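Subject: Structure for your review

Dear colleague,

Please find below the structure that I am handing over to you. My findings follow it, and I would ask you to read them with the structure open.

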Amino acid sequence: MKKLVHGPETAVYARLIADEALSGKALVHIARLLNEHGVESARGGEWNSSSVMQLLRSPAFAGLMPQTEYEEGEPTPVRRRSTGGKRAASTT
């Protein structure tokens, strides 16, 4: 099974989820598609409408949060800022 994490291998599934949701497809339909393609949910099981809804509401999925990347052989995460988020206005 493939786990849906940020990366080039799973980008096609993220695009599929976004396209299906934007076209008005039911969340249960999107969950079935992911299960048919063998993509694991965030908790490692099958998708359902609730897990799809949580993903779609996630700021990280929308590209509005920094993501943590792990490089081979490195025990600590390397932080990378997302370019899709809005910055807070400065108060100074």
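Two residues are said to be in contact when heavy atoms of theirs lie within 4.5 Å. On that basis, Val52 touches Leu27, Ile30, Ala31, Leu34 and Trp47, with neighbours within four places in sequence left aside. Please keep in mind throughout that this is a predicted model.

Overall architecture

The protein chain contains three helices and four strands. Along the sequence, these elements follow the order β-α-α-β-α-β-β. Of the 92 residues in the protein chain, 20% are buried. Among the contacts with a separation of 6 or more, 32% join residues 24 or more positions apart.

Confidence

The mean pLDDT of the protein chain is 75, and 60% of the residues reach at least 70. Confidence is highest in helix 2, at 95, and lowest in strand 4 (residues 78-80), where the mean is 50. Across residues 81-92 the pLDDT is below 50, and this stretch has 10 contacts in the model beyond near neighbours in sequence.

In soluble globular proteins, nonpolar side chains tend to be buried together. The largest nonpolar core here has nine residues: Tyr13, Ile17, Ile30, Ala31, Leu34, Val39, Trp47, Val52 and Leu55. At least two of its residues come from each of helix 1, helix 2 and helix 3 (49-57). Helix 2 provides the largest share, with three residues.

Helix 2 against helix 3

Two packed helices are described by the angle between their axes and the distance between the axes. For helix 2 and helix 3, the axes come within 8 Å and cross at roughly 95°. Angles of 65 to 115 degrees count as roughly perpendicular, and therefore helix 2 and helix 3 are described in that way. On the side of helix 2, the residues that meet helix 3 are Leu27, Val28, Ile30, Ala31 and Leu34; their partners in helix 3 are Ser49, Val52, Met53 and Leu56. Sorted by class, this contact comprises eight nonpolar residues, one polar residue and no charged residues.

Ala26 sits in the loop between helix 1 (11-22) and helix 2 (27-36). Although Ala26 and Ser49 are 23 residues apart along the chain, their C-alpha atoms are separated by 8.1 Å.

Yours sincerely,
A colleague

Definitions and conventions: Residues numbered from 1 in each chain as written. Predicted model: local features only at pLDDT ≥ 70, side-chain atom pairs only at ≥ 80, totals over all residues. Heavy atoms only, no water. pLDDT = per-residue confidence, 0-100. Core = buried A, V, L, I, M, F, W, Y, C linked by side-chain atoms within 4.5 Å. Buried < 20%, exposed > 50% of the residue type's maximum accessible area, 1.4 Å probe, protein only. Axes fitted to C-alpha atoms, helices over the stretch in contact; angles between N-to-C directions. Parallel < 35°, antiparallel > 145°, perpendicular 65-115°, else oblique. Nonpolar A, V, L, I, M, F, W, Y, C, P; charged D, E, K, R; others polar.
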